[in-house]
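Got a model open on the screen and wondering where its labels come from? Let's go through some of them, one by one.

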Amino acid sequence: MMSSDKNESATSGTDTTTHFGFRTVAESEKAGMVKGVFNSVADRYDVMNDFMSAGVHRLWKDSLINSLNPRAGMQLLDVAGGTGDIAFRFLEASDGGHVTVCDINAEMLRVGKGRAEAKGYADRADFVCGDAQKLPFENRSMDAYTIAFGIRNVTRVHEALAEAYRVLKPSGRFLCLEFSPVVVPILQKAYDAYSFNVIPKMGGIITKDEESYQYLVESIRRFPAPQKFAEMISEAGFSRVGWRSMSAGVVALHTGVRI
Ligand SMILES: C[S@@+](CC[C@H](N)C(=O)[O-])C[C@H]1O[C@@H](n2cnc3c(N)ncnc32)[C@H](O)[C@@H]1O
């Protein structure tokens with residue numbers, strides 16, 4: 001069993017607590033609170049991504065797919081796949097590949113499924129409601145596992161990594177895109193000002209939910225730095241673990257392989 005991480009959860013008295021943005025909450029409450037965030041923003045989630053990143057999230061997601069370099073017939077599991085951005089890029093890049101989008105939130109999946117139908121991908125994409133910490137898939141059943149901007153919302157990150165390892169076939173690839181809490185020092189002040197002063201307000205205007213975007217920016221600051229997260233990926237059993245920073249450290253692409 002892997003050790004608990006102070007970034008993830010802590011036990012005080014008899015209650016196990018964790019963080020929800022900058023708040024400390026009971027571990028048992030977090031998934032419901034995260035669900036509330038994405039229920040609230042699902043219909044405007046894609047529009048908001050374009051506004052708050054000035055479209056750059058598209059390039060980060062393209063980089064993940066370039067790094068995956070999908071081979072013919074690949075079976076991809078995209079966890080916390082939400083409205084399908086990674087799934088559709090994968091289907092465009094792969095010859096006869098199939099993607100299973102798994103997300104804990106039925107509203108995000110509803111939007112994703114609608115997009116898949118509109119794009120004519122319904123027969124190459126499944127949408128499954130499930131928790132990254134307890135995936136409803138067989139051992140060694142997937143060629144690749146991706147998770148983009150999802151893992152920092154998971155209550156017990158170690159469990160999600162263990163599940164990623166379990167469902168991958170030998171030689172299966174793990175790729176994770178996630179925001180980093182720190183950027184190159186010269187940009188830190190501007191990054192903080194934009195994150196805390198602009199993004200929640202923008203979220204309020206576009207999704208009518210400022211609070212959810214306040215949580216999203218706070219959750220980024222609570223996520224481990226790339227070096228620490230890479231260690232957690234190694235502890236889960238992955239080999240050839242590496243990461244690459246993008247956009248001055250705003251985002252990191254983490255990779256590993258199940259040998
Ligand atoms: C910021 S969105 C990312 C969506 C998509 N991957 C993208 O990059 O656009 C985070 C997603 O993680 C999902 N999520 C949060 N906790 C989860 C969990 N424990 N298991 C599976 N999905 C989860 C949310 O429902 C939400 O759809």
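Buried means under 20% relative accessible area, exposed means over 50%, and partly exposed is anything in between, using a 1.4 Å probe and protein chains only. Keep in mind that this is a predicted model, where local features need pLDDT of at least 70, side-chain atom pairs count only at pLDDT 80 or more, and totals for chains, interfaces and linings use all residues. Residues are numbered from 1 along each chain as its sequence is written, and side-chain values use heavy atoms, with hydrogens and water left out.

Q: Why is Val184 called partly exposed?
A: Val184 has a relative accessible area of 35%, and partly exposed covers what lies between the buried and exposed cut-offs. So 35% puts Val184 in the partly exposed class.

Q: Where is Val184 found?
A: Val184 is in the loop between strand E8 (168–179) and helix H7 (185–207). Helices (H or I, at least four residues) and strands (E, at least two) are DSSP runs, numbered from the N terminus.

Q: What makes the nonpolar surface patch?
A: Val184, Ile186 and Leu187 make a patch of about 290 Å². Patch residues have over 30% relative accessible area and no salt bridge; like charges are joined within 9 Å, and nonpolar side chains (Val, Leu, Ile, Met, Phe, Trp, Tyr) within 5 Å. Areas come from the Shrake-Rupley method with a 1.4 Å probe, and for residues only the protein chains shown count as cover.

Q: Why is the contact of Glu27 with Arg156 called a salt bridge?
A: A salt bridge is a side-chain nitrogen of Lys or Arg within 4 Å of a carboxyl oxygen of Asp or Glu. The closest N and O atoms of Glu27 and Arg156 are 2.9 Å apart, and the pair counts as a salt bridge. This pair links distant parts of the chain, 129 residues apart: Glu27 sits in helix H1, and Arg156 in the loop between strand E7 (142–148) and helix H6 (157–167).

Q: Is Glu27 buried or exposed?
A: Glu27 has 14% relative accessibility, so Glu27 counts as buried.

Q: What ties Arg115 and Asp46 together?
A: Their side chains meet in a salt bridge at 3.6 Å, N to O. Arg115 lies in helix H5 (residues 106–119) and Asp46 in helix H2, so the pair ties together parts that are 69 residues apart in sequence. Arg115 is partly exposed, with a relative accessible area of 24%. Asp46, Lys61, Asp85 and Arg115 are linked in a network of salt bridges.

Q: How do you know that Glu178 and Arg152 meet in a salt bridge?
A: The N to O distance is 2.7 Å, and the cut-off is the one given above for salt bridges. Glu178 lies in strand E8 and Arg152 in the loop between E7 and H6, so parts 26 residues apart in sequence are tied together. Both Glu178 and Arg152 are buried.

Q: Why is H4 called largely enclosed by the rest of the structure?
A: Seven of the nine residues of H4 are buried, so H4 is largely enclosed. Those buried residues are Asp85, Ile86, Ala87, Phe88, Arg89, Phe90 and Leu91.

Q: What makes the phi of Lys208 worth a look?
A: Most residues other than glycine have a negative phi. Phi of Lys208 is near 65°, a positive value in a residue other than glycine. Lys208 lies in the loop between H7 and H8. With a relative accessible area of 71%, Lys208 is exposed.

Q: What is the phi of Arg240?
A: Phi of Arg240 is near 45°, again positive in a residue other than glycine. Arg240 is in strand E9 (residues 239–246). At 63% relative accessibility, Arg240 counts as exposed.

Q: How do you know that Lys35 is partly exposed?
A: Lys35 has 40% relative accessibility, so Lys35 counts as partly exposed. Lys35 is in helix H1. Lys35 and Asn105 are 70 residues apart in sequence and 6.1 Å apart in space, C-alpha to C-alpha.
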